[in-house]
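I opened this structure to go through its helices, strands and packing. My entries follow in the order I looked things up.

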Amino acid sequence: MRAALRECHQEEHFERVNDCHSALNESFVSVVRPQNQQELVEALGRAAAEGRVVSICGNRHAMGGQQFCHSEVMLDMRNICRVLSLDEERGLICVEGGATWPQLHDALRTRGSRWTFRQKQTGADTLSIGGALSANVHGRGLQLCPFIQDVESFVLQTATKRLHCSRTENAHLFSLA
């Protein structure tokens, strides 16, 4: 299988990846690990120019195999993980997609924030916030709303532009979260 991949993309290095729970989705992908927003835009632009399929990965908790596109490009978002701001008055926090729930918790704690989470997200802690959004995770409280109810907005990055998505701006894209 690896030999066939190398024939298609001679100069690329393919890595074996898998989800961290079931480990049933082994795939070989060209992994790109952007360190910042500019590198993310460049990676998306290269993939678009080459007509490549891009998958996006945080901490690899999805188990359906959808997080990997065999022999294509996988963006590993774990390095784009900063907590950018916290509005203490409104309880709004802005984070990059690769940030995890423990990082969010630590940011709230170290800033002495009075805010916390409404519920614990699923049975795992190290989910990325971007991954949680894309799967619209839910917690263990069956009477509590899924994650999207606590999201005011997000930014969707394409190869050519940044789209602000909320219930009123790019609402169709927001609803797809």
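**Helix 3, both faces.** I began with the side of helix 3 turned away from its buried face, and found the exposed residues Arg109 and Thr110 there. Exposed means over 50% relative accessible area, buried under 20%, and partly exposed in between (1.4 Å probe, protein chains only). Helices are DSSP runs of H or I with at least four residues, strands are runs of E with at least two, and both are numbered from the N terminus.

I then listed the buried residues of helix 3 (residues 101–110): Trp101, Leu104, Ala107 and Leu108. They line one face of the helix, because down its axis they fall within an arc of 120 degrees. I took the arc from the directions from the helix axis to the C-beta atoms. An α-helix has 3.6 residues a turn, so residues three or four places apart point the same way.

What do these buried residues pack against? I found strand 5 (83–87), strand 6 (92–95) and helix 4 (129–135). Gly112 follows helix 3 and has a positive phi, near 65 degrees.

**Ground rules.** I noted that this is a predicted model, that local features need pLDDT of at least 70 and side-chain atom pairs pLDDT 80 or more, while totals for chains, interfaces and linings use all residues. Numbering starts from 1 along each chain as its sequence is written, and side-chain values use heavy atoms, with hydrogens and water left out.

**Core.** Next I looked at the largest nonpolar core, which has 19 residues; Trp101, Leu133, Phe147, Val151 and Phe154 touch the most other members. Helix 3, helix 4 and strand 8 (162–166) each give two or more residues to this core. Such a core is a set of buried Ala, Val, Leu, Ile, Met, Phe, Trp, Tyr and Cys residues joined through side-chain atoms within 4.5 Å.

Leaving aside neighbours within four places in sequence, Phe147 is in contact with Trp101, Ile129, Ala132, Leu133, Asn136 and Val137. Contact means heavy atoms within 4.5 Å.

**Aromatic pairs.** How many aromatic pairs does the whole structure hold? My search found two. Trp101 and Phe147 are edge-to-face, at 5.3 Å centre to centre with 75 degrees between the planes. Trp101 is in helix 3 and Phe147 in the loop between helix 4 and strand 7 (153–157), so this pair ties together parts 46 residues apart in sequence. Both Trp101 and Phe147 are buried.

Phe154 and Phe174 are stacked, at 5.6 Å centre to centre with 15 degrees between the planes. Phe154 is in strand 7 and Phe174 in helix 5 (residues 171–176), so this pair ties together parts 20 residues apart in sequence. Phe154 and Phe174 are buried as well.

For pairing I used rings of Phe, Tyr and Trp (its six-membered ring) with centres within 6.5 Å; planes under 30 degrees apart count as stacked, over 60 as edge-to-face and the rest as tilted.

**Strand 4.** Are the faces of strand 4 (residues 73–76) covered or open? Both are covered: Val73 and Leu75 on one side, Met74 and Asp76 on the other, are all buried. Strand 2 (residues 27–32) runs parallel to strand 4 and is joined to it by three bridges. Val31 has Met74 as its bridge partner. Strand 3 (residues 54–57) also runs parallel to strand 4, with four bridges. Val54 has Val73 as its partner. Strands pair if DSSP finds at least two bridges between them.
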